[in-house]
Amino acid sequence: MRLSEDIGIDLGTATFLIYTKSRGLVLQEPSVIAMTRDSKQVRAVGEEAYRMIGRTPGGIVAVRPIKDGVIADEGLTEKMITMFLQKVQGNTGRLLGFGGFKPQLMVGVPSNVSDVERRAVLRAALNANAKRAFLIEEPLAAAIGAGLKITEPLGSMVVDIGGGSSDVAVISLGGIVVSESMRVAGNEFDESIIRYVRRKENVLIGERTAEEIKVKVGAAMLVDDSENLVAEVRGRDLINGLPRTISLDSRDVVEALAEPVTRIVEGVKRVLEITPPELVSDIIDRGIVMTGGGSLLRNFDELLRQTTGIPVSVAENAVEAVAVGTGMALDMLSVLGDSLVSSDYYLRR
Ligand SMILES: Nc1ncnc2c1ncn2[C@@H]1O[C@H](COP(=O)(O)OP(=O)(O)OP(=O)(O)O)[C@@H](O)[C@H]1O
Ligand SMILES: [Mg+2]
């Protein structure tokens, strides 16, 4: 990889992605870091750290530095950015370019990040020796990455359902016109499945098991009976403390997810209600586009179509859309101008 190449980053709650123009997606790993409990020494990052969740011995903890779409631990987030950059470059983690050429970095961040968090991310980028760093709001990056023509005077609606947050945004002329960010997304789905299994079967299952159930047999709704799938699930019986295998089907999961799924649908409706009429008319013509891993929940698009009466599609690159969009945004600096936060100005203020 050309070390001076401009780089786009999706700093997701669940997944961290790095995108470059010439090589495309160069890294996609869980946003997890494992460290020793006392000395806070980093032991692993990404895939390797993810495998340690729920399986660490006393002295080691595996944590997600970004929770519910907000940066929970600044220092660790900075560390994670540096380590992942290092990984794709195979050097010291500094983005040293040829002939003193330094790259620019575009980082997608949740729309509700605070001032302190923005600074932390920009600092992390500059510490990795970027010439300049920009922040872009995730739904805007998602729309760009999904191929929506966002610079035209036409309304587009994107619904990005990630791990920690769901973002609904209406975009026109390169900027977000109205939006809403909800702290309910994939992780909350997993927790709802855990609660459901505990309530119904008196069995405790882990976070990763719940996620597996969601992906394998889960759905937002079932269109007909043939869509009902069954999964065998292992957990701990809460009555006698012993392992127990139960079976769950898609209907169970639809029921378990009804509440969080409905909250997201309600959020989409609220945004539509406050969207200026001309833009609503564009959205009806062009349809709503879904992105993010959570949008892959079976029939979520169908449910949204039925509840809003508007055509809905899931972006082909739903999971990578934000990362791809951050990379593409580096070529759109002049049109996106006001929608970006630049280290040049922000860190000096
Ligand atoms: N096929 C699938 N069905 C349902 N959920 C899925 C599927 N694939 C991935 N997910 C879920 O998508 C979520 C991760 O999505 P994504 O990678 O877009 O999140 P993120 O960008 O890291 O989070 P955020 O945008 O909230 O910061 C996880 O909760 C994961 O379980
Ligand atoms: Mg995301």
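Trainee: Leaving out residues up to four places away in sequence, which residues does S156 touch?

Mentor: This is a predicted model, and what follows is computed from it. S156 sits in strand β11, which covers residues 156–161. Beyond its sequence neighbours, the residues S156 touches are L148, A169, V170, I171, I283 and R286.

Trainee: Which side chain is joined to the side chain of S156 by a polar contact of 2.7 Å?

Mentor: R286 is among the residues that S156 touches. The polar contact of 2.7 Å runs from the side chain of S156 to that of R286.

Trainee: Is S156 buried or exposed?

Mentor: The relative accessibility of S156 is 3%. Buried means under 20%, so S156 counts as buried.

Trainee: Turning to E180, which side chain makes a polar contact of 2.5 Å with it?

Mentor: E180 belongs to strand β13, residues 175–182. Apart from neighbours within four places in sequence, E180 is in contact with S166, D167, V168, G267, R270 and V271. The side chain that makes the 2.5 Å polar contact with that of E180 belongs to R270.

Trainee: What separation do the C-alpha atoms of E180 and G267 have?

Mentor: E180 and G267 are 87 residues apart along the chain, and G267 is one of the contacts of E180. Their C-alpha atoms are separated by 7.0 Å.

Trainee: How does E180 count by its relative accessibility?

Mentor: The value for E180 is 22%. Buried requires under 20% and exposed over 50%, so E180 counts as partly exposed.

Trainee: How are α5 and α7 oriented to each other?

Mentor: Two packed helices are described by the angle between their axes and the distance between the axes. For α5 (residues 186–201) and α7, the angle is about 140° and the axes are 9 Å apart. Roughly antiparallel would need an angle over 145 degrees, so α5 is oblique to α7.

Trainee: How do the residues of the contact of α5 with α7 divide?

Mentor: On the α5 side are E188, F189, S192, I193, Y196 and K200. They meet D252, V253, E255, A256, L257, P260, V261, R263 and I264 in α7. The division is 9 nonpolar, 1 polar and 5 charged.

Trainee: What is the relative accessible area of S250?

Mentor: S250 is placed in helix α7, residues 250–274. Not counting residues up to four places away in sequence, S250 touches V217, L222, E227, N228, L229 and R298. S250 is buried, and its relative accessible area is 0%.

Trainee: How are α2 and α3 oriented to each other?

Mentor: The axes of α2 (residues 74–89) and α3 (residues 115–127) come within 9 Å and cross at roughly 30°. Angles under 35 degrees count as roughly parallel, so α2 and α3 are roughly parallel.

Trainee: Which residues in α3 do E74, E78 and I81 in α2 meet?

Mentor: The crossing of α2 and α3 is right-handed. E74, E78 and I81 in α2 meet V116, A120, V121, R123, A124 and N127 in α3.

Trainee: Last, what is phi of K40 near?

Mentor: K40 is in the loop between β4 (33–36) and β5 (42–45), and K40 is exposed, with a relative accessible area of 53%. Most residues other than glycine have a negative phi. K40 has a positive phi, near 60°.

How values were computed
Residues numbered from 1 in each chain as written. Chains lettered and ligands numbered in written order. Predicted model: local features only at pLDDT ≥ 70, side-chain atom pairs only at ≥ 80, totals over all residues. Heavy atoms only, no water. Helix = DSSP H or I, 4+ residues; strand = E, 2+ residues; numbered from the N terminus. Buried < 20%, exposed > 50% of the residue type's maximum accessible area, 1.4 Å probe, protein only. Contact = heavy atoms within 4.5 Å. Polar contact = N/O pair within 3.5 Å; in protein donor to acceptor, adjacent residues only side chain to side chain. Axes fitted to C-alpha atoms, helices over the stretch in contact; angles between N-to-C directions. Parallel < 35°, antiparallel > 145°, perpendicular 65-115°, else oblique. Left-handed = near helix turned anticlockwise from the far one by under 90°. Nonpolar A, V, L, I, M, F, W, Y, C, P; charged D, E, K, R; others polar.
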